[in-house]
Each structure stands twice: as structure tokens, then as C-alpha cells.
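Subject: A structure for you to look at

Hello,

Here is the structure I promised to pass on. Please have a look at it first, and then read my notes below.

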Amino acid sequence: MTTDIRTPAPPPPQAPKAQPGHLTSAKGTGRLGDKIFLGFSRGAGITLLVLMGAIAVFLTIRAVMALSKNEGNFFTTFEWNANSTPPVFGIAVLAFGTIVSSIIAMLIAVPIAVAIALFITHYAPRKLATPIAYVIDLLAAIPSIVYGLWGALFLVPHLTGVYKWLDSWLGWTVVFSYDGGAARSLMTVGILLAIMILPIITNVSREVFAQAPKMHEEAALALGATRWEVIRTAVLPFGRSGVISASMLGLGRALGETMAVATVLSPSAILSAKILEPGGGTFAQNIASAFKEAGEFGRDALIASGLVLFVITLLVNGAARLIIARRKEYSGANG
Amino acid sequence: MTATTMTPADRADHLGIHQPRLPKWGPAVIAAGSAAVAIAIGLVAGLQSKIQWGLIAAILFVIGQYVIASRVEGRRQAKDRLATALVWVAFLLAVVPLASLIYETIARGIKVLNGYFLTHSMNGVVTIQPGGGVYHALLGTIEQVAIATLIAAPIGLLTAIYLVEYGKGKLAKAVTFFVDVMTGIPSIVAGLFILSVWIMMLGFGYSGFAGSLALAILMMPTVVRSTEEMLKLVPNELREASYALGVPKWKTILKVVLPTSIGGITTGVMLSIARITGETAPLLLLVFGNPMINNNPFEGAQASLPLYIYEQWANGNEASYDRAWAAALVLIAFVMILNLVARGIARWKSPKTGR
């Protein structure tokens with residue numbers, strides 16, 4: 001007997017509520033006070049838009065200045081020698097490292113985050129669910145530099161054993177070959193990033209799963225479905241787009257993470273498929289590591305790589321937001 | 001007739017509609033068993049990493065339960081149990097790093113954390129020797145975050161008011177979309193932007209204020225989002241009542257809408273303060289770090305707590321690691337206290353929704 005009897009079904013997804021504040025004319029009464037107040041608040045909104053535009057414009061100006069003097073091909077050059085004369089730098093290694101570490105992070109984090117979201121909404125005892133959600137929130141509040149410190153001084157030494165084991169079983173695939181050095185590799189970065197983006201994916205997925213129509217779940221239960229079958233037939237299809245956008249928000253985080261990568265990764269200008277071996281780099285990590293030695297021109301070069309990162313994260317986040325926006329009944333994605 | 005002596009359960013068995021189930025203690029026993037086997041394997045094979053032991057135990061538990069359940073209960077029930085087991089394992093997998101991180105930070109940080117550490121700077125301290133403290137960094141962080149909040153909170157608040165109370169049409173839609181996108185800007189990009197404008201174009205030097213500008217950019221969208229949510233919770237009846245009394249719209253917002261939602265707004269602002277307090281990347285580019293006390297956020301390089309952790313880690317020796325952990329403990333404590341107080345306020349002054 002399935003004991004998962006819930007409270008009577010709540011009313012179906014709320015009928016569209018009247019937008020607050022829109023009952024009277026949007027302009028107010030036309031008095032002086034109203035005009036001033038509207039001016040201020042609209043000005044603040046415009047400030048934000050201008051800021052976004054300014055970020056794009058200024059980064060582009062600097063990037064163009066850097067690229068005009070670059071002797072290497074920006075997209076295919078491996079090394080980053082912006083201070084040498086002539087300057088030679090390219091983002092091939094950085095782009096590879098950023099994408100690989102983010103993919104690893106997503107492969108680990110998304111299934112676990114979805115499972116935790118299901119755990120909170122459908123499996124955990126009621127009394128446990130709230131504190132667990134709270135703990136996940138706290139996980140999101142821990143600063144990235146602390147994750148980086150923990151990753152470099154605790155995770156790295158503890159992963160060498162796992163990597164040796166992976167090497168002995170899967171070393172023939174080249175991807176998992178490992179010669180036993182410090183585990184300051186893209187794989188470790190990916191694992192650390194997975195831990196860091198877990199909370200945001202969990203939180204957004206949890207909100208979507210909690211909104212799955214109760215009637216559908218109860219109907220499935222009434223047909224004799226097991227709890228897993230209820231989730232598979234009634235909850236997951238409903239939450240699919242939410243999970244996708246949550247994952248993309250997490251991906252945006254992972255792509256731009258700086259300090260955790262800068263502390264854990266041992267960078268080098270090599271592009272290698274051996275993800276357990278040290279080496280490689282990411283956009284953000286390269287900016288943080290190379291900044292102190294960079295001269296005036298070196299900074300321009302770093303800004304050029306920052307612009308690429310900016311565009312990538314903009315596209316990923318924008319896509320995620322569009323998917324969320326398409327689901328009208330779901331709001332408060334980043335609350 | 002034997003049927004008369006049958007219990008309902010027996011009858012159900014007889015008719016073939018009662019499925020055998022694993023006893024309630026079944027999963028617990030399987031879990032204990034797989035843990036024991038994993039330890040045995042670990043000892044025999046000489047695996048040093050405890051992570052491996054845990055992984056082996058988890059895999060054994062998931063597989064073992066599936067096999068046993070499918071023998072006893074049938075395939076559908078076994079699948080259900082498999083899903084349950086996987087969900088539990090995923091949850092434990094997520095808790096382990098958190099517990100480890102908190103434990104390591106406290107255990108290693110407590111060593112050098114004392115009154116001296118909190119009230120002294122790194123001025124004249126040789127990095128490979130113990131001693132020194134975080135006073136200069138703590139001061140820098142508080143100043144930078146305070147300035148960032150003074151810039152970001154009013155703009156964020158006004159933007160949210162615009163979106164909820166006035167917002168209609170294309171401008172509001174554009175602002176909403178770009179605020180959402182802005183939350184995803186990598187912190188290092190915000191740092192590069194201020195670097196290119198403030199330091200490289202306008203020619204100002206490294207300073208705490210430059211860092212504050214970048215932090216403000218990171219803070220604005222989160223303030224807008226949380227304030228927006230809170231303003232939407234204010235029941236429309238309150239606004240209508242105010243308009244009915246002839247109160248102009250701007251006064252309604254100031255005297256009715258904002259006071260009703262002030263608790264939630266405060267919470268949102270405090271949570272975003274907690275978030276930017278831990279930001280390191282932009283400060284690395286703009287504040288630069290400084291072992292000495294610099295009281296003036298507008299002039300000269302400053303220190304900051306997250307940056308201090310990074311510098312101590314980069315020194316790469318035991319005494320510096322100790323200081324890094326202690327500073328991490330201070331930072332986590334600071335952020336957690338902000339979080340707890342913010343949530344306390346939210347509970348204490350939760351908006352009256354009137355439903």
C-alpha cells in the first residue's frame with residue numbers, strides 16, 4: 001500500500017492574477033511628486049541597461065586594440081605570451097579547458113542535483129525536507145575562494161587514489177590515463193565546479209518539481225504506479241524545461257568561475273585529452289593568474305579573452321532565461 | 001474447507017494479488033552489509049582513499065538492493081527501490097563535501113584564530129613564519145562592501161519599484177531580461193570592465209573604491225530580483241485603499257508599499273551583501289592587495305578578506321596555509337551570520353499577504 005497520501009488537491013495553477021500596481025494609470029496622477037518619482041525609478045532601470053551596454057562596448061574597444069597587435073591567431077594559438085615582443089596569444093587552450101571542465105561539472109552535477117531536488121520534493125520525510133533545502137541554500141552561500149582553498153588543500157590530495165584506480169581500469173582510453181602526479185587537473189576542477197553549481201541547479205529544479213500538478217500524480221498513484229513511476233510519468237515530463245534552464249544557469253556559473261579554478265588547476269599551454277593530468281587552463285583562471293605580471297598591453301589581451309567569456313556566458317544565460325520565460329506559470333527563478 | 005481458516009493476507013496470496021514485499025528493515029540491512037563488504041574490499045585491496053570506500057559501498061548498496069528486490073518483489077518494485085536508493089545516494093554524495101568543507105575549515109582554521117589574529121595586520125610578517133593577522137583585510141572588506149551596498153542598493157531598489165509599480169511596455173521588458181542576464185555575468189568580467197574604464201581609461205590607481213564599483217555591478221541584479229519578488233507580494237488591496245483615499249501614487253509607494261515589504265527587502269539586500277562579500281576575482285584586478293593597514297578606500301591598494309585567503313594560499317607554506325584557513329573561517333562565519341540574520345528578519349517581518 002502506498003502511503004503517500006497528500007493533502008487535498010490545491011486549486012489548479014493560479015488563474016492569472018492582476019499585476020500589482022497596474023490598476024490605475026501607469027503614469028500616476030501626473031502631479032510633480034509622481035513625475036519626479038517615476039523619473040528616478042525609470043532612470044535607475046535605464047542605468048542598468050546602460051551599464052550592460054557599457055560593459056560590452058568598453059571590453060570590445062580594449063579587445064580590438066589588443067587583437068590588432070597580436071601576431072598569433074587569436075582562436076588557434078596555444079600559448080599566452082602577451083608581454084613578449086611581438087605579442088603572441090590565443091584562446092585555444094583556454095576555450096578547451098573551459099568547455100571540458102564545464103562539461104565534466106555538468107555531467108556530475110545535473111543528475112545529482114535533479115536527484116536531490118526529487119529527494120526534497122518527493123522522497124524526504126516532510127520534517128527533513130525544509131532543513132535540507134536550507135542546507136543546500138547555505139552551500140550556495142559559501143564563497144568560491146573557500147571552495148578553492150578546500151579544493152587545493154583537501155580535494156586534490158584525496159583524489160590521487162581515485163585517479164590511480166581510474167587509470168588502472170580505464171587508462172587504455174587515454175582520456176583517463178594518469179601518471180600519479182598532483183591531481184591538479186581539469187577533472188579535479190570539474191568535480192569542484194560540480195559541487196559549486198549543485199545548489200543553483202537543485203534550487204531551480206526543486207521549485208519546478210514542487211509545481212508539478214498534484215492531480216496528475218494522484219491519478220498515477222490511483223492506477224497503481226510505484227513512486228518512481230509517478231515521478232517518471234507525471235513529474236519529470238512537467239519539469240523537463242525547468243531542469244534544462246536550471247542546468248544552463250549552472251553552466252553559466254561554471255564557465256565564469258575564477259578563484260576555485262585558479263587555486264586548483266596547475267596551468268600550462270598544452271591542449272591534451274588526458275583530463276586527469278595537470279595542465280590546460282580556463283578563461284577566468286588565466287585572467288586571474290596572468291594579471292599580476294601583465295603590462296598595459298597584456299591587460300588588453302586579457303580583456304580580449306574576458307570578452308569571449310562574457311559573450312559565451314551571455315548566450316548561455318540568455319538562452320536559459322528565454323526557456324524560463326516561456327513557462328509563464330513558473331516565476332522566481334533566481335529568488 | 002481450508003479457505004475458512006485463511007487470514008486475509010493468505011487469501012490474497014492464494015489469489016495471486018498480494019505481492020511479497022521486502023521487510024521494512026530490508027534496506028537498512030542491505031546498506032549495512034554493503035558498507036561492511038566495502039570496508040573489507042578496501043582493507044584487502046589496500047585502498048587508501050576513504051572516498052573510494054564510500055563509492056564502493058554506495059555502488060554495492062544500489063546494485064545489491066536492486067538484485068534482491070527484483071528477486072523478491074518483481075521488476076517494477078525493484079525499479080522503484082533502485083530510484084529511491086539512487087536519490088538517497090545522491091543526497092549523501094552532496095552532503096559529504098559540504099560536511100568535509102565545514103569540518104576542514106573549522107579544524108584547520110581554529111589553530112591560529114584568536115584575538116591577536118583579528119586585530120593585527122600582515123605588516124612586516126615574514127610569510128613562512130607564523131604570526132600576523134587579518135585586521136587590514138577585514139577592514140578593507142567591510143569598507144568595500146559598504147560602499148558597494150551604498151551604490152547598488154538604491155539603484156536596485158528603484159529599478160525594482162519601476163518594474164513592479166510602473167513597468168509596462170518595451171523598456172520594462174528589456175530591463176527585466178537584462179537584469180536576469182546580468183545575474184549571470186562572471187565576476188571577473190565585471191572586474192575587467194571597471195579595470196578598463198576606471199583604471200586604464202580614467203587613470204585612477206588601484207583602490208578599494210574601484211573594487212566597490214565592480215562589487216556594485218554584481219550586487220545590483222540580485223537586489224532587483226529579490227526586491228521585485230517582495231513588492232509583488234504586497235496585496236493590491238492596500239494600494240487600492242490608498243488610491244481611494246486620494247493619496248498620490250508616489251506617496252502610496254513610499255508610505256504603503258515599501259513599509260509593508262521592508263522586511264523582505266532587507267533580507268534580499270543582506271543576502272546579496274553576503275554574496276558579494278566572498279567575491280575575490282574582481283578585487284584581485286582592482287584592489288590589488290596590501291599587507292598593511294589602509295584606512296582609506298579611495299586611495300591606494302587595500303586588502304580584502306577573500307583576497308587575503310588567495311594570497312596566503314599562493315604563498316604555499318604551512319604557516320600561510322594556517323592563516324588562509326583561519327581567514328576562511330572568519331569569512332564563512334561572517335557570511336553565515338549575515339545569512340542567518342537575513343532569514344531571521346524575513347521570518348520576523350514576513351509580508352502580510354492578506355490571503
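A nonpolar core here is a set of buried Ala, Val, Leu, Ile, Met, Phe, Trp, Tyr and Cys residues joined through C-beta atoms within 7 Å; buried means that 20 or more other C-beta atoms, placed from the backbone, lie within 10 Å of a residue's own. The largest such core has 197 residues, and A:Ile116, B:Ile309 and B:Ala327 have the most contacts inside it. From chain B, the core takes at least three residues from each of domain 1 (18-109) and domain 2 (135-348), with bounds from an automatic or database domain assignment.

This is a predicted model, where local features need pLDDT of at least 70 and side-chain atom pairs pLDDT 80 or more, while totals for chains, interfaces and linings use all residues. Residues are numbered from 1 along each chain as its sequence is written, and chains are lettered from A and ligands numbered from 1 in the order written.

The contact between the chains involves 78 residues of chain A and 88 of chain B, counting residues whose C-beta atoms, placed from the backbone, lie within 7 Å. On the chain A side, helix H1 (residues 32-69) gives the largest share, 18 residues.

B:Ile309 touches A:Ile145 and A:Leu149, among others, leaving aside residues up to four places away in sequence. A:Leu149 also belongs to the contact of H4(A) with H14(B), as do A:Val146 and B:Tyr321.

Best wishes

Conventions
Two residues are in contact if their C-beta atoms, placed from the backbone, lie within 7 Å. Helices (H or I, at least four residues) and strands (E, at least two) are DSSP runs, numbered from the N terminus. A residue is buried if 20 or more other C-beta atoms lie within 10 Å of its own, exposed if 12 or fewer, and partly exposed in between; C-beta atoms are placed from the backbone.
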